[in-house]
Amino acid sequence: MRDDIEDFSISQKTEISCEDTVFLPYTSGTTGLPKGVESSHKNIVVNILQTTDPTFFPGIEASEHHQDIVPLILPMYHYYGLLISLYSYLRIGAKLVCLPQFSMEEFIKLFENHRCTVLHIVPPIVQMMIYNERITSRHIESVKLTMIGAAPLGEKLITKFQSRFTNNMNIIQGYGATELSPVATISSIINTSPSSCGHLVPNTQMRIVSTGDDTFGRNLGPHEVGEIYIRGPQVMKGYYKNPKATADTMDGDWYKTDDLGHYTEDGTLYLQGRLKELIKVKGYQVAPTELEEVIRYYDNVKDVAVIGVTHENYGEIPKAFVVPKSGVKINENELKEFVAKRVAKYKQLGYVQVIENIPKSASGKILRKELENL
């Protein structure tokens with residue numbers, strides 16, 4: 001960097017509008033084919049400013065006495081890695097340590113060689129850190145904040161993570177989508193439950209909309225579960241060369257996320273799963289994430305995913321795919337009974353299948369289509 005260079009915005013006319021498309025990332029395609037998302041310069045700049053609002057942002061601008069150290073663990077083709085880790089921290093002069101390819105060895109070496117201050121991770125990395133004995137509190141003693149995103153993480157795993165690493169580290173979650181450039185809500189460090197997705201970022205509005213047949217489209221109140229709609233300047237321009245998909249996902253200027261959630265009286269958002277992944281049992285709706293959270297409390301389970309499978313009398317019935325902890329066997333009937341004691345009758349498991357690992361995308365989303373193929 002040199003001081004004698006003119007500001008290019010004064011000396012050059014770029015002929016580029018803030019509404020022009022600057023990125024074309026593709027959706028993860030967990031519920032269908034990936035779609036190209038057109039993000040404008042305005043979408044990206046706005047969301048960086050929204051997420052670096054002092055209410056949420058833990059970063060401290062670099063000075064003679066301090067420099068944040070942020071490991072770039074997440075893929076750069078994913079907005080979480082590109083915008084939340086890279087751009088937001090490059091902007092304040094942080095030191096960014098690249099991990100070109102994820103491996104346990106390199107991950108541990110990164111923490112041994114650098115005193116990282118902020119950690120951006122996804123649920124599979126959380127699970128790996130919980131169960132890998134080689135990673136200790138010493139490795140992350142300098143981390144002041146861990147942010148978890150890209151897929152929801154339940155209370156059980158957060159509690160395990162907190163008890164495993166006893167240093168004074170804050171844990172927060174965020175909620176967003178590629179179509180939202182990417183963030184809509186973030187937990188603040190103060191007075192927010194780690195299992196929530198926090199509050200709306202500035203200049204953003206949210207509706208929770210009923211998906212029930214008799215109340216479809218009605219706005220819901222606190223603690224009522226429905227589809228999350230978001231409106232704000234970070235909402236994408238649309239899907240690339242796909243006007244039908246764009247029209248289907250927009251309600252005026254509201255983006256229909258296809259995610260289910262509810263909010264509390266103070267505006268805190270809690271995620272409940274994907275609308276398209278709901279299991280319809282005898283006309284009742286069952287969220288796979290709710291059952292997954294219950295099953296995580298069963299001692300022998302290391303990881304779990306639930307899907308709906310066809311049933312001739314009930315329409316669908318829940319099936320759990322479980323990964324056992326090392327060296328233990330899972331008794332399928334005992335697990336079914338464990339769940340049955342904790343949920344309504346129509347939510348009980350119909351089937352249990354033990355597998356070696358749960359298929360997930362690079363960002364940590366469960367690939368339920370692959371489970372359906374099993």
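Contact here means heavy atoms within 4.5 Å. Helices (H or I, at least four residues) and strands (E, at least two) are DSSP runs, numbered from the N terminus. This is a predicted model, in which local features need pLDDT of at least 70 and side-chain atom pairs count only at pLDDT 80 or more, while totals for chains, interfaces and linings use all residues. Residues are numbered from 1 along each chain as its sequence is written, and side-chain values use heavy atoms, with hydrogens and water left out.

**Overall chain**

- Ten helices and 20 strands make up the secondary structure of the chain.
- The radius of gyration of the chain is 22 Å, close to the 21 Å that the globule rule gives for 374 residues, so the chain is as compact as a globular protein of that length. The radius is taken over C-alpha atoms, and the rule is 2.2 Å times the number of residues to the power 0.38.
- Along the principal axes, the C-alpha atoms fill a box of roughly 75 × 50 × 40 Å.
- Among contacts in the chain with a separation of 6 or more, 64% are between residues 24 or more positions apart.

**Surface, burial and charge**

- Of the 374 residues, 50% count as buried. Buried means under 20% relative accessible area, exposed over 50%, and partly exposed in between (1.4 Å probe, protein chains only).
- The accessible surface is about 19000 Å², and carbon and sulfur atoms hold 49% of that surface. Areas come from the Shrake-Rupley method with a 1.4 Å probe; for residues, only the protein chains shown count as cover.
- There are 39 positive and 44 negative side chains in the chain, and the centres of the two sets lie 5 Å apart. Lys and Arg count as positive and Asp and Glu as negative, with His and the chain ends not counted. Each charge is placed at NZ of Lys, CZ of Arg, CG of Asp or CD of Glu.

- In helix H4 (residues 104–113), the buried residues are Met104, Phe107, Ile108, Leu110 and Phe111. They cover an arc of only 150° around the axis, which puts them on the same side of H4. The arc is that of the directions from the helix axis to the C-beta atoms.
- Strand E3 (69–72), strand E4 (95–98), strand E5 (118–121) and H5 pack against the buried residues of H4.
- Helix H9 (residues 332–340) has Leu335, Phe338 and Val339 as its buried residues. Their arc around the axis is only 95°, which puts them on the same side of H9.
- The cover over the buried residues of H9 includes helix H8 (288–295), strand E19 (315–324) and strand E20 (351–354).

**Individual residues**

- His139 sits in the loop between helix H5 (123–131) and strand E6 (145–148). His139 is buried, at 5% relative accessible area. Not counting residues up to four places away in sequence, His139 touches Ile108, Phe111, Glu112 and Arg134.
- Ile48, in helix H2 (residues 41–51), is buried at 11% relative accessible area. Leaving aside neighbours within four places in sequence, Ile48 is in contact with Tyr87, Ser88 and Arg91.
- Tyr229 belongs to strand E11 (residues 226–231) and is buried, with a relative accessible area of 7%. Its contacts, leaving aside neighbours within four places in sequence, include Gln205, Met206, Trp254 and Lys256.
- Arg274 lies in strand E15 (residues 269–274) and is partly exposed, with a relative accessible area of 22%. The C-alpha atoms of Arg274 and His65 are separated by 45 Å.
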